[in-house]
Amino acid sequence: MSLTYFQSWALAFAITQLVELPVYRAVARVSWARGFSLSLVTHPVVWYVFPLLYEHAGLSWTAMLWLAEGFAYVVEAALLRAYGVRWPRAIVASCAANTASIVAGELVRACWGIP
């Protein structure tokens, strides 16, 4: 199956939301809309901006991935804090949601070669 870059992003974003939303609802106890907004802010940056560091700044794929995911962990925890979630819960929720999302995405990639 061959997808355009945008189709790959859309699929990855859908997987991210399917995995992260329930985690944010259960752990951070935020609304569906607020849970959705977290990845809505970070996912396009991770998908479209950070690969430029890999392509043009000479970072290795692994270094770029660590930076991109670190960005998502920190920004989503900060947004949760802005939504009134206390820091410990915000950090745990962000780590749990983003780690689950990475694992799900890599499983989909390993099984089907997409996104």
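Reader: Is Phe36 buried or exposed, or partly exposed?

Author: Buried means under 20% relative accessible area, exposed over 50%, and partly exposed in between, with a 1.4 Å probe and protein chains only. Phe36 counts as partly exposed because its relative accessibility is 33%. This is a predicted model, where local features need pLDDT of at least 70, side-chain atom pairs count only at pLDDT 80 or more, and totals for chains, interfaces and linings use all residues. Residues are numbered from 1 along each chain as its sequence is written, and side-chain values use heavy atoms, leaving out hydrogens and water.

Reader: How many aromatic pairs does the structure hold?

Author: Rings of Phe, Tyr and Trp (its six-membered ring) pair if their centres lie within 6.5 Å; planes under 30 degrees apart count as stacked, over 60 as edge-to-face and the rest as tilted. The structure holds 8 such pairs. One of them, Trp9 with Phe13, is stacked, at 5.1 Å centre to centre and 15 degrees between the planes. Trp9 and Phe13 are both buried. Phe13 also pairs edge-to-face with Phe36, at 5.7 Å centre to centre and 80 degrees between the planes.

Reader: Where in the chain do Phe13 and Phe36 lie?

Author: Helices (H or I, at least four residues) and strands (E, at least two) are DSSP runs, numbered from the N terminus. Phe13 is in helix 1 and Phe36 in helix 2 (residues 32-56), 23 residues apart, so the pair links distant parts of the chain.

Reader: Which residues form the aromatic cluster?

Author: The cluster consists of Tyr5, Phe6, Trp9, Phe13, Phe36, Trp47 and Tyr48. Tyr5 lies in helix 1 and, at 47% relative accessibility, counts as partly exposed.
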